[in-house]
There are 2 protein chains.
Amino acid sequence: MIKCHLSKLMGERKLKIVDVARETGVNRGTITRLYHETASRVELETIDALCRFLGCDVGELFEFVEGS
Amino acid sequence: MIKCHLSKLMGERKLKIVDVARETGVNRGTITRLYHETASRVELETIDALCRFLGCDVGELFEFVEGS
DNA sequence: GCATAATGATCTTTAGGAGAACATTTTGAG
DNA sequence: CTCAAAATGTTCTCCTAAAGATCATTATGC
């Protein structure tokens with residue numbers, strides 16, 4: 001499965017969902033879905049905005065976890 | 001921007017688009033779009049199947065490149 | 001306690017991936 | 001070279017989930 005570490009990255013930076021939504025320009029609902037890992041599809045533009053804002057690479061945001 | 005290295009990974013392994021499509025169960029059109037980097041949205045399930053088949057992590061498949 | 005902000009939840013709209021079918025190109029055997 | 005099969009490219013429809021907006025609920029702090 002693919003695990004999204006947005007909540008962890010946001011926690012480390014003490015960021016709120018609204019902050020991330022406002023700063024990245026990404027819809028708040030989308031951030032919420034990624035935060036709670038209920039998203040099953042992602043726009044590359046969204047990944048781009050998050051990586052740029054969080055100063056991280058794609059591999060830190062999404063991780064491939066063996067099994068299920 | 002987000003760069004997809006599927007073509008590079010496939011080249012290294014000398015894989016054809018049909019091979020990847022057949023082995024991963026992912027639609028050939030989807031593989032084609034990722035191969036030519038014309039996709040702007042991706043299913044996490046697709047990323048999962050590709051990582052599993054190619055034996056790589058998400059960061060090797062997608063890279064965040066600064067600029068534009 | 002109250003006002004404001006943040007989050008959660010839900011609805012509609014819409015973009016684009018998924019899937020399939022057809023066209024074209026490439027490849028290899030004879 | 002010729003032909004057939006396979007691989008790739010292209011284009012179409014369908015359908016799902018992100019995007020966007022709104023309302024309800026829950027924190028936060030003054």
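Tutor: One term first. Buried area is the accessible area, taken with a 1.4 Å probe, that two parts lose on being put together, summed over both. Keep in mind that this is a predicted model.

Student: OK. How much do chain B and chain A bury between them?

Tutor: About 2000 Å². Carbon and sulfur atoms account for 58% of that.

Student: And how many residues are in contact?

Tutor: 21 residues of chain B contact 21 residues of chain A.

Student: What about salt bridges between chain B and chain A, how many?

Tutor: Four. One of the contacts to look at is R41(B) with E43(A), a salt bridge with its closest N and O atoms 3.1 Å apart. Over all chains, the whole structure has 14 salt bridges. The R41(B) to E43(A) pair crosses between chains, from strand 2 of chain B to strand 2 of chain A.

Student: How many residue pairs are in polar contact between the chains?

Tutor: Nine, counting pairs with both residues at pLDDT 80 or more.

Student: Which elements of chain B give two or more residues to the side that touches chain A?

Tutor: Strand 2 (41-43), helix 4 (44-54), helix 5 (58-61) and strand 3 (62-64). Helix 4 of chain B gives the most, with five residues.

Student: What's the make-up of that side by class?

Tutor: On the side of chain B that touches chain A, eleven residues are nonpolar, three polar and seven charged.

Student: Back to strand 2. Do the two copies pair in the parallel or antiparallel sense?

Tutor: Antiparallel. Strand 2 of chain A and strand 2 of chain B pair over three bridges. V42(A) has V42(B) as its bridge partner.

Student: Why do the copies meet through the same surface?

Tutor: Because 100% of the interface residues of chain B are also interface residues in chain A.

Student: New topic: helix 3 of chain B. What caps its N-terminal end?

Tutor: N27(B) does. One of its side-chain oxygens lies 2.7 Å from the backbone nitrogen of G29(B). The helix covers residues 28-35.

Student: And what follows helix 3 of chain B?

Tutor: E37(B), with a positive phi near 55 degrees.

Definitions and conventions. Residues are numbered from 1 along each chain as its sequence is written. Chains are lettered from A and ligands numbered from 1 in the order in which they are written. This is a predicted model: local features need pLDDT of at least 70, side-chain atom pairs count only at pLDDT 80 or more; totals for chains, interfaces and linings use all residues. Side-chain values use heavy atoms; hydrogens and water are left out. Contact means heavy atoms within 4.5 Å. A salt bridge is a side-chain nitrogen of Lys or Arg within 4 Å of a carboxyl oxygen of Asp or Glu. A polar contact is a pair of N or O atoms within 3.5 Å; within protein, one must be able to donate a hydrogen and the other to accept it, and residues adjacent in sequence count only if both atoms are side-chain atoms. Helices (H or I, at least four residues) and strands (E, at least two) are DSSP runs, numbered from the N terminus. Ala, Val, Leu, Ile, Met, Phe, Trp, Tyr, Cys and Pro count as nonpolar, Asp, Glu, Lys and Arg as charged, and the others, Gly among them, as polar. Two strands pair if DSSP finds at least two bridges between them.
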